[in-house]
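Please look at the sequence and the structure before reading on.

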Amino acid sequence: MPGELSDRETEAWRELRAKSGAPANPFMEPEFTRAVAAVRPRARVAVLWEDGEPVGFFPYERGALGHGRAIGLGVSDCQGVVLRPGLRTSARALLRACALAAWEFDNLEAGQSTFTPLAAEQVASPVIDVGEGYAAYESVLRAQSPKFLRTTLAKERKLARLGGGEVRFVFDERDPHALAILMEWKSAQYRRTGRRDRFAKEWITTLVRRLHELRAPGCSGVLSVLYVGDRPVAAHFGLRSATVLSCWFPAYDPDYAKFSPGLILHLRMAEAAAAAGIGMLDLGRGDAEYKDALKTGELRVYEGSAVRPGIRAGLYWLSREPARRTHSFVRSRPRLAGYGRQALNRIGRIRGT
């Protein structure tokens, strides 16, 4: 069980991540696995040993019939196994040791040689590089998206004039009431756009509240809020390490939509993150116009599953793979994906009537 990891094992996990050379994504730290385990009783972590030393960690959730999934699947934005550099293990051997027939992932970290050969699809995860400071990032935006930057900064000034109060930004807001407002906005957005409301699931709302209180070197919850006077108009909750801010749940007050408060918020987040020593904001997989405007580059993440031959693996394939392939087919065809988004928006409007 993740909660039973010793201090020695936890420290070894952190050291292996530091030696991996991968971006220090907070979703890959032991604190995130522990937080998920507190709300998902089927969470597990396998520890690999060599010569009396822990050399690998494999966090996962165990479902019926040995169907496994990445820890926190559905909300986790970075997944995989943590191994000592140079250590090789096969996916089949790992699944056998965990008594899993299959292991499903949808945000597998690049460089995960145990599982990437088994991925069915690779997708882009846009990122913002602020390693050279916010001024350097603004220079990049002026070159690649001059109209976007000019318009957003003009709307910020307009918000200051017409918004009804002083505009201020808090990078790390600790008020739980502000977090509750963000979750209300996000739930309304999910319903309005016909998407599944993640915050309708109690385990997700509890997890987010727990992570908001978490303070650890490699994984801390960060709630950023844009205020007009004392009124929140946009907010974002994500996780940070020393060098990476994983963007997770952004939302804004629709009453202020004409000012594009969400875009203003992201610019201020980038500025504050750079000042705090963070070098990269990971915007997460998925197409969105605001991501295209803000990004400076992309990481690759992978979706798919590893399976062991057998009846249970066959049942897993029948329950998951046809739907995944359908989603992949739609995503790979922008026109068809556009029709899908329009249909979801219509469903959302019907729900709201």
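A residue is called buried if its relative accessible area is under 20%, exposed if over 50%, and partly exposed in between, with a 1.4 Å probe and protein chains only. By that rule, both Tyr-256 and Phe-259 are buried. The model is predicted, so local features need pLDDT of at least 70 and side-chain atom pairs count only at pLDDT 80 or more, while totals for chains, interfaces and linings use all residues. Residues are numbered from 1 along each chain as its sequence is written, and side-chain values use heavy atoms, with hydrogens and water left out.

**Aromatic rings**

- A pair of aromatic rings is described by the distance of the centres and the angle of the planes.
- Rings of Phe, Tyr and Trp (its six-membered ring) pair if their centres lie within 6.5 Å; planes under 30 degrees apart are stacked, over 60 edge-to-face, and the rest tilted.
- The count of aromatic pairs by this rule is 14.
- One of them is the tilted pair of Phe-199 and Phe-249, with 4.9 Å from centre to centre and 50° between the planes.
- Phe-199 lies in the loop between helix H6 (176-192) and H7, and Phe-249 in strand S10, so the pair ties together parts that are 50 residues apart in sequence.
- Phe-199 and Phe-249 are both buried.
- The pair of Tyr-256 and Phe-259 is tilted because the ring centres are 6.3 Å apart and the planes are at 40°.
- One aromatic cluster is formed by Phe-27, Phe-32, Phe-199, Phe-237, Trp-248 and Phe-249.

**Charges over rings**

- A charge sits over a ring if NZ of Lys or CZ of Arg is within 6 Å of the ring centre and within 35 degrees of the ring normal.
- Arg-40 lies over the face of Trp-203, at 4.3 Å from the ring centre.
- Arg-168 has its charged end over the ring of Tyr-227, 4.2 Å from the centre.

**Helix H2**

- Helices (H or I, at least four residues) and strands (E, at least two) are DSSP runs, numbered from the N terminus.
- Helix H2 (residues 30-39) is mostly covered, with 8 of its 10 residues buried.
- The buried residues of H2 include Phe-32, Thr-33 and Val-36.
- They pack (contact means heavy atoms within 4.5 Å) against several elements, among them helix H1 (7-20), strand S1 (43-50) and strand S10 (244-252).

**Positive phi**

- Most residues other than glycine have a negative phi, and most peptide bonds are trans.
- Ala-99 has a positive phi, near 60°, and lies in the loop between helix H3 (91-97) and strand S5 (102-109).
- Ala-99 is partly exposed, with a relative accessible area of 34%.
- Ser-260 also has a positive phi, near 50°, and is found in the loop between S10 and helix H8 (261-275).
- Ser-260 counts as buried, at 16% relative accessibility.

**The cavity**

- On a 1 Å grid over the protein atoms alone, a cavity is a set of points where a 1.4 Å probe fits but cannot get out, and a pocket is an open set with protein on both sides within 12 Å along at least five of seven lines; lining residues have an atom within 4 Å of a point.
- Grid points are joined across faces, edges and corners, and a volume is the space filled by probe spheres set on the points.
- The structure holds 1 cavity of 30 Å³ or more, and the largest cavity has a volume of about 60 Å³.
- Its lining includes Trp-13, Phe-27, Thr-33 and Trp-103.
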